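Please open the structure in your viewer and keep the selection tool at hand. The tour goes stop by stop, and each stop says what to select and what is there.

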Amino acid sequence: MAGILKVDQVQSDSNLSFQVAGANVAYMNSTGLQMTGGTLSLSGTTIIPAVGQIAFPATQNASADANTLDDYEEGTWTPTIAGISSYSSQLGVYVKVGKFVHVYGLLEFTDSGSLTALDITNFPFTIANNSFYPVGALFPVTGFSSGAAAPVLQGTPNSTQARGYYTTDSSGANYNSYNSTALASGINFEFSLSYIATA
Amino acid sequence: MSTFTETKTVDQITVTENGTVLYREATRISKDGEQIAQTFHRTSLTPGQDYSDQPDNVKAICAVAHTPAVIAAYQAQIEANRLGQ
């Protein structure tokens with residue numbers, strides 16, 4: 001394909017422009033190399049960012065291609081328990097790489113009241129809507145009944161929440177949902193969950 | 001002397017198919033008018049959840065999205081999607 005290499009000294013920003021069929025496809029100026037569309041193909045080349053950073057746009061440009069990395073974001077969120085309105089501590093952080101999301105949280109509250117389930121809500125991204133149930137860790141610090149052993153966290157597909165489960169020492173693999181009976185007072189726990197998001 | 005400012009703004013609001021409203025609050029630090037740092041805090045509001053203490057623009061969207069029918073469908077979907085007891 002015929003092209004033109006043009007050094008543009010007319011414009012005030014002095015672009016080094018690359019044109020195909022009279023249209024700019026890329027230009028270089030004091031801010032760097034800018035492409036106006038298309039794909040930058042670097043076959044046989046290793047990309048080595050001199051400053052060690054790759055920046056994604058603040059708003060994800062989602063790709064359906066299985067080999068395309070389309071997002072990175074890190075931030076905070078505020079975990080909550082459905083049915084609990086008062087907390088001593090609510091801390092949450094997340095990292096999202098493509099569709100992969102990892103969340104960590106810490107919750108502390110005084111009274112479980114009449115809680116029928118330990119549903120952690122307000123996750124920063126929706127869990128993908130499929131038949132895969134992400135399983136995470138739940139670490140009881142204080143306030144969990146002695147018979148409520150082997151705590152785990154299970155995400156609910158197509159939602160922004162996960163439920164805490166436990167088993168009793170004698171019942172083996174039959175997990176029960178946490179409720180106010182399995183929780184005492186001064187409840188404090190940490191948790192983490194990795195899951196695939198919807199986009 | 002440089003002037004530093006901090007602004008908070010809801011820069012993304014998404015409504016999913018089942019009515020969940022997800023939004024992102026960006027905290028931006030500027031030096032002499034030029035942004036030098038940015039952090040994010042995310043929140044999700046499921047149908048039926050109290051949103052009275054949320055930002056006004058988020059409340060307006062929740063008021064439209066969280067209809068009684070959407071709330072009922074979401075609750076049914078959550079129960080159906082739970083694998084455990």
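## First stop: a loop in chain A

Select Ala21(A), which sits in the loop between β2 (16-20) and β3 (23-29) of chain A. The model is a predicted one. Is Ala21(A) buried or exposed? Its relative accessibility is 79%, so Ala21(A) counts as exposed. Now look at the backbone: phi of Ala21(A) is near 55°, a positive value in a residue other than glycine.

## Second stop: the loop between β9 and β10

Go on to Asn122(A), in the loop between β9 and β10 of chain A. Its phi is near 80°, again a positive value in a residue that is not glycine. Asn122(A) has a relative accessibility of 6% and so counts as buried, whereas Ala21(A) counts as exposed.

Stay in that loop and select Pro134(A), which lies between β9 (118-121) and β10 (135-144). Pro134(A) counts as buried because its relative accessibility is 12%, and the cut-off for buried is under 20%.

Which residues does Pro134(A) touch, not counting residues up to four places away in sequence? They are Ile127(A), Leu153(A), Gln154(A), Gly155(A), Leu193(A), Ser194(A) and Tyr195(A). Show these side chains together with Pro134(A) to see the contacts.

Then draw a distance from the C-alpha of Pro134(A) to that of Ser180(A). The two residues are 46 apart in sequence and 24 Å apart in space.

Select Ser145(A), found in the loop between β10 and β11 (149-155) of chain A. With a relative accessible area of 24%, Ser145(A) is partly exposed.

Which residues is Ser145(A) in contact with, leaving aside its neighbours within four places in sequence? The contacts are Thr181(A), Ala182(A), Leu183(A) and Ala184(A).

Now select chain A and colour it by secondary structure. How many helices and strands does chain A have? It has zero helices and 14 strands. Read along the sequence, the pattern is therefore one β after another, β-β-β-β-β-β-β-β-β-β-β-β-β-β.

Along the principal axes, its C-alpha trace spans about 75 × 35 × 25 Å. The radius of gyration of chain A is 25 Å, while a compact globule of 199 residues would have one near 16 Å.

Of the 199 residues of chain A, 36% count as buried. Among contacts in chain A between residues at least 6 apart in sequence, 56% join residues at least 24 apart.

Next, colour the charged side chains. Chain A has 4 positive and 12 negative ones, and the centres of the two sets lie 12 Å apart.

Hide chain A and select chain B. In which order do its elements run from the N terminus on? The order is β-β-β-α-α, made up of three strands and two helices. The radius of gyration of chain B is 17 Å, well over the 12 Å that the globule rule gives for 85 residues, so chain B is more spread out than a compact globule. Its C-alpha atoms fill a box of roughly 60 × 30 × 20 Å, taken along the principal axes.

In chain B, 35% of the 85 residues count as buried. The accessible surface of chain B comes to about 4900 Å², with 54% belonging to carbon and sulfur atoms. Chain B carries 7 positive and 10 negative charges, and their mean positions are 4 Å apart.

## Last stop: confidence

Colour chain B by pLDDT. The average is 94, and 98% of the residues score at least 70. Where is confidence in chain B lowest, and where is it highest? The lowest is in helix α2 (residues 68-81), at a mean of 94, and the highest is in helix α1 (residues 56-65), at 98. For the model, ipTM is 0.87 and pTM is 0.86.

Definitions and conventions. Residues are numbered from 1 along each chain as its sequence is written. Chains are lettered from A and ligands numbered from 1 in the order in which they are written. Side-chain values use heavy atoms; hydrogens and water are left out. Helices (H or I, at least four residues) and strands (E, at least two) are DSSP runs, numbered from the N terminus. The radius of gyration is taken over C-alpha atoms; the globule rule is 2.2 Å times the number of residues to the power 0.38. Buried means under 20% relative accessible area, exposed over 50%, partly exposed in between (1.4 Å probe, protein chains only). Accessible areas come from the Shrake-Rupley method with a 1.4 Å probe; for residues, only the protein chains shown count as cover. Lys and Arg count as positive and Asp and Glu as negative; His and the chain ends are not counted. The place of a charge is taken as NZ of Lys, CZ of Arg, CG of Asp or CD of Glu. pLDDT is the predictor's confidence in each residue, from 0 to 100. Contact means heavy atoms within 4.5 Å.
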